[in-house]
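Please have the sequence and the model open beside you.

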Amino acid sequence: MSTRLANGGRLLNKGRALEFTFNGKRMTGVEGDTLASALLANDQMMVGRSFKYHRPRGIVASGGEEPNALVGLGENGKFEPNQRVTTTELFDGLTCASQNHWPSLEFDVGAINSKLSRFLPAGFYYKMFIHPRPLWKHVYEPFIRQSAGLGKAPRDRDEDSYEHFYAFYDVVVVGGGVAGLQAAKAAGQAGAKVLVMEQTPHWGGRAPVDGGEVDGLSVDRFVEQSVSELHAMENVTLRTRMMGAAVYDHGYVMGYERVNDHQPDAKGPRHRLWRIRAGQIVTATGAIERPLSFAGNDIPGVMLASAVRDYAVDYGVSVGDRTVVVTNNDDAYRTAITLKNLGLEVPVIVDARPSGGGPLAGEAVALGIRVENGKGIAKVKGGKRVEGVEICTQAGEGAALETIKCEAVAMSGGWSPVVHLWSHCGGKLLWDDENVMFRPDGDKAPTGAEGERFVIPAGSADGCLDLASVLDNADAAGKAAAQATGHTPGKGAAPQAQPETMTPIQAVWMMPQGASYKLRMKAWLDYQNDVKVSDIQLAAREGFESVEHAKRYTTLGMATDQGKLSNINGLAILSDALSQGIPQTGTTTFRPPYTPISMSSIAGEARNETFQPIRKTPMHSWHEANGAHWEPVGAWRRPYCFQKPGESVHDAVNREIKQTRDSLGLLDASTLGKIIVKGPDAGKFMDMLYTNMMSTLKPGRCRYGLMCNENGFLMDDGVVARLDEDTFLCHTTTGGADNIHGHMEEWLQTEWWDWKVYTANVTEQFAQVGVVGPKSRKVLQKLTDDDISNDALTFMGWTEITLKGGLPARVFRISFAGELSFELAVPASHGRALWDMLMQAGAEFGVTPYGTEAMHVMRAEKGFIMIGDETDGTVIPQDLGMDWAISKKKEDYLGKRAQQRSHMTDPTRWKLVGLETLDGSTLPDGAYATADGTNANGQRNVQGRVTSTYHSPTLGRGIAMGLVLNGPDRMGDVLDFPKVDGTVIKAKIVDPVFYDKNGEKQNV
Amino acid sequence: MSEAVSALKGASFDGFVTVKDTGLHGMITLRGDLASDAVKAAVQDATGAPVPGQREVSGADGNWVAWMSPDELLLIVAYDAAPQIEADLRKALSGSHHLVANVSDARAVFRLSGSATGLREAIAKLCPVDMTPGAFGPGQFRRTRMAQIPAALWMPTDDSLHVICFRSVADYAFNLLKGAAAPGSEVGLFS
Amino acid sequence: MKRYSAFAVAREALRNHMGWERAWASPEPKKKYDVIIIGAGGHGLATAYYLGKNFGITNVAVLEKGWLGGGNTGRNTTIIRSNYLQDPSAAMYEKSRSLYETLSQDLNYNIMYSPRGVIMLAQTEHEVRGYKRTAHANALQGVTTEFISPQRVKEIVPIINLDGPRYPVLGGLWQARAGTARHDAVAWGFARACSAMGMDIIQKCEVTGISREGGRVTGVSTNRGDIACDKLGIVVAGHSGHLADMAGFRLPIESVSLQALVSEPIKPCMDCVVMANTVHGYMSQSDKGEMVIGGGTDGYNNYTQRGAFHHIEETVRALVETFPMISRLKMLRQWGGIVDVTGDRSPILSKTPVEGVFINCGWGTGGFKATPGSGWGFAELMAKGHSPLCNEFGLNRFKEGRFIDESVAAGVAH
Amino acid sequence: MLILTCPCCGVTAEETEFHGGGEAHVTRFGPGSSEDDFHGYLFEKVNPKGVHFERWRHNNGCGKWFHAARCTVTLEVFGTYSAQTTEPPQDIKDKISAKRPGWSWREFA
């Protein structure tokens, strides 16, 4: 059984015990434990079930590469599925549960799949469930869906907060092992501004576990010393619990800082996503040990040799009293030696190499450990935990020579450098035959903004496997990074370690070499997704020869560990099956992130109140307090209507319209865009922007204008006021201000840069209120002594007035509702005050604030178009019968050439008309008018569509506008508008102006 | 005359730095040839501060001139003084091609104060700008993005920083800054 | 070709699966073909398949510079829907959707078409009107959609947050027969069927030139030699501009990077596809349990198959707001594809200035759902010179100003 | 995530401060122009695999438009320059020639 040892555990504070529960079972760990080490200390060998066959799964690794040990962590608002126990620090009160089983971890119905596994090879679902068709939808797929997925879906809202952080460094070192620390020192001493990030809470990486001496110091002392030297450097920043998640173009690095995962009740954000711009990136990301492919290598208790060593040395945990070590390289001998020295049993070291290992092997033998060279494991015995292994000759087909009882198997297939960050942005790899690994190809590094290389691998991430070469390599990397960012590295040599003599690794992709199908279909490559040697071989046989095909066909490496343990073994098996070299096969693409990062950390602060900005007018608070039913318009929030207590939205809108037409209404029009265009060439510029002739507009006057894009389509409209000889004030639609201002600046800066014109977007400077209705002049006159009579301020005129109390205001006599109305503009800081003044002064007239819907209905009653309703990006002014607003005199305006194209001048384009239902009902939004027959694709022919439709309380009937084939020439024709339910509404083509056709009301 | 009010009426928040709506300022947009003597003189007369260099701000305590773009300045003065200054500028620049607009009511200004390192941290959570001392400091004026809105930054002193954004998003900006300055979320970087 | 079936799988199981034959052959190029298709993505393979199936043209080569299905076919978010506004689009996508319904049977390959339904959320009044208009159009186009209430939305998608502080859900456009399919399987199934008809799918074969005589195509040169043909179909998505260049004409196309991501797999919690265009995000859950999320396109020309992080950020932010429960899920993998975008964001299926050369491109972010329909129509165009499905998607429409603009409805994202 | 230097305000900032504006140095064709010229102006983009001259606006900054020479395959930025010009400045062309021998674009090389 796995237990906590009396001695060992360099990362533990055994003085402090921590309580936690797994599947409801109370357990105890100590401070410094990971959840993994704590589970093992409690003899919890089995921690989950695999994805496809629901096989028992135990902990395999000790770091982020762990494929099996995923749990549901925490509860309610802090629940998180698929949490990796090897990267979860234990804290007091932690609760977690294993995943992907029913009813329990011990007894799982899904395990039946394991019995059926021979019928469920790679890609079986592409070949099955095809007939009969309905069964796929109703039986097969629902079943597959239910059995899919790993962790439970969270239910509750996330209780935690998250944030981003923007940082800038000359050199970012990813990884705080000896290589990272040395690279950082080298770069730091050269004066570069350096950030070192380490994903665990500890510095030093694997080195302290493997031991050794640097410059006469034990390696852990050397680590301590390096860290304190780095702390002392002003220009160096050190962060732990921060993972290098991704590298993007131009030196952009994502640092995933897990601020509070280990102290969930602490204040502050749970995660902080660092968005770092780096001159150079040093990837000191270490290497990952590879499993060996033998039958039963997925049984709980079979672990990476390095992991077994880590748990013993770092956490004082023995994964079993008897551990068999199986390897194809020298490194795994360290595990045997470590265990033996801790007083644990190592019945045998199985070394696949006929000639066996080097000095380390000698050391093992000297400790009395039995070593079997040229041997392999035929199969592991056991179900939910390891019971023993069958030994065979590696060269053979798996005939058992002997069975050895054991509780754990420590395996090592060699080491693979962690090249993910190197590869994210295009760094290429080369195959190193001697060391049996892919490592970064120094000649093909990712290139940055200036075409420079910006990623430098260091240490074992660059393929160096012994301490001495790691330090040399890392020191050089640090100096190179400093150099590349304009600093002068010191001449000093790298710290010295004793070079180790190692016998070369021997590539072993299958154990034993000639394993039978029976063994191969029990030899796992991808533990989580249940991909076995036989699956890859099947894929190859079926022609899935590209490594991407094989991956996608078998799902190799697509699990939550992204194939950190399985990819290399898998593509080696594939290469072998295709009898081609591993480099010819190549790797799949490495995609960010290195290990999964929380969605919430990506969203950062953008949640709830700060999800997106909401633009508010100066009168917003009044609206809020007075029943505003809000409508988002662009980024703005506008009242759709103001509901009285107990009043429906529909009734509120009708009331607002009636009151406005009868007496007096107020509209908060502050959101309308307001742009100043000024300069000697302003008139010329305005004539290009608008389809109308604007240069002839007289100061003091207003003109309604249309704007098209170069493609001819109507993009915005609004009232232009000429402030003085060389100054215009352009009003735009609510959504349009920023776009239109950008549009103006674009033409001025990139096409007509010699024209003398300046623009300024003053939208937010002014609060604007529409004072609308027969009583509007009366109420306005109450507020000013200036003359605003029909003679002094005629329709489509504007003037400056002073409100009582001295507040200056601009008054535009324009009307969008068809009533006598004025738009008042005052500085935004006085907007609320103006509103209150008008409410007070208007009281005697029953003043009624109205919202966007009443505005829409009233403009529709008048037949005024609305950008976004009558227009949709495919409509030109000519379609809307607005030729009157298109100057014939002008040679050019934006969109004019486009409007000359054949389809734009096509007489059969649909044109704007009014629509009146025969039964007085209201046409549905977006309804189409049908025509006879169908088109070549069997679709019903149409001859028009509704663009705006409302119930008009003024006329007591439905009114609508629409675009209709030859509409203006077909007054009186009746069209069929089918509803979605198939029933048809008949509507007559009429003049679009429904109310006050002669415009008398606005002109009094 | 009615009393003018800023978007957040002086609201303030105490986190690891203090965030405060500084109330109303007079602000004038001036577009023209910034190299011309006319503009230089007019700006000097209006604010007592010279035309700042590229991405710089000149002047002091409540009287600033900020460089917005190669042909645009933002004059920040006392709220009540703005109308007169606007008129003076118009007069002084008449004859030359220019644009002067009083935009005193179009924006909101926040002041971050307290820990000199803290206010740099708070901003570094929201803006893609290198806030390291030496990379950014007094005298500079940086227009950038604050989370999802355009904003500009300047530091009147080493231990105070001003953020300026449009008035309509003052609420959003204030909420952002409150979150960034929340106790317990210190990063401890610039210390 | 041996048929696939549960029985076949059982039979092979007893022989340790040693009897499975190659899904598709890997031949050497011949000297000449009647038709060459450049690009063995979904659209190219589907074109070849229907050339054979509908027109008996089987002397066909499909040339692929990488591995088949390795472009956007293998990189998209697998959504299949036909709730389009404009007639030509609706016709194309509905034809495609209906072909998908029986594609597994046609190809004898389970492409896992899953009609789980697609909702497009309406989160502004403008979107409400836009989707109601689309629903009306669809009814006349023979596309079954309906505009549903927020309550219905909540019933269909229990994990959705109807009243976020920013954009409340005001309803949605619901297409029950829309859904998803296994993207790789679509390419593999077509490839297997083409191979079975005797067509040559030639991978790792890069076209380096297009030879013409008197304004007519005569063949292509490749890294595996020159190959002659009577007709040439260019179906290479993001690389269309490049190939058109070789043929001597220009396209109204820009290539940009589009990004997508998946979460770690969780137990089923969302059955249908939800698109929230106002906040720019869409999400579905794969049969494997991953939440599949589509992001935005870069605003600049890009051939890297990588994108900028802030598009991922914008999308994830939107979805965390719309589905608060995904907040504590983790992003597993993120990737990009190169999409070809036209002036009106609708595709081009057209003859070209070069006689015998046909182009199928410009699918932008929406190509996967159109795969069989596009192949069906393009095959007809190449075989007969015209096709009702393709007529409106000609190259000349830009000159005439006759656009097929889908962005006019609220549903701009694919 | 690109970094660009705005030649108008001199700031070097990340992509999110900018907004891409498509191909640069496109000649506007207005009324009276031929169908082909107008179509070319509005729709036919070079869309090269390689050196691309393009427009950017510093919209979360000084608000000015400028031009950039960028490789669409490696994303290398050869330089940024004023938008008030009809062709790339010589120093930028020279820099590209040095880094991409034999490159060509329209009449320039």
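## Strand pairing and the A–C contact

Strand β39 (residues 714–724) of chain A pairs with β40(A) in the antiparallel sense over four bridges. Here strands are DSSP runs of E with at least two residues, helices are runs of H or I with at least four, and both are numbered from the N terminus; two strands pair if DSSP finds at least two bridges between them. This is a predicted model, in which local features need pLDDT of at least 70, side-chain atom pairs count only at pLDDT 80 or more, and totals for chains, interfaces and linings use all residues. Residues are numbered from 1 along each chain as its sequence is written, while chains are lettered from A and ligands numbered from 1 in the order in which they are written.

A hairpin of two residues links β39(A) to β40(A). On β40 (residues 727–732) of chain A, five of the six residues are buried, meaning that 20 or more other C-beta atoms, placed from the backbone, lie within 10 Å of the residue's own. Strand β37 (residues 673–678) of chain A also runs antiparallel to β40(A), joined by six bridges.

Some bridge partners to find on screen:

| Residue | Partner | Partner strand |
|---|---|---|
| Asp724(A) | Thr727(A) | β40(A) |
| Ile675(A) | Cys730(A) | β40(A) |

Now to the two chains: 91 residues from chain A and 87 residues from chain C make up the contact, counted where C-beta atoms, placed from the backbone, lie within 7 Å. Helix α4 (residues 133–147) of chain A gives the most to chain A's side, with six residues. Strand β33 (residues 597–598) of chain A and strand β16 (residues 330–342) of chain C run antiparallel, joined by two bridges.

Key. A residue is buried if 20 or more other C-beta atoms lie within 10 Å of its own, exposed if 12 or fewer, and partly exposed in between; C-beta atoms are placed from the backbone.
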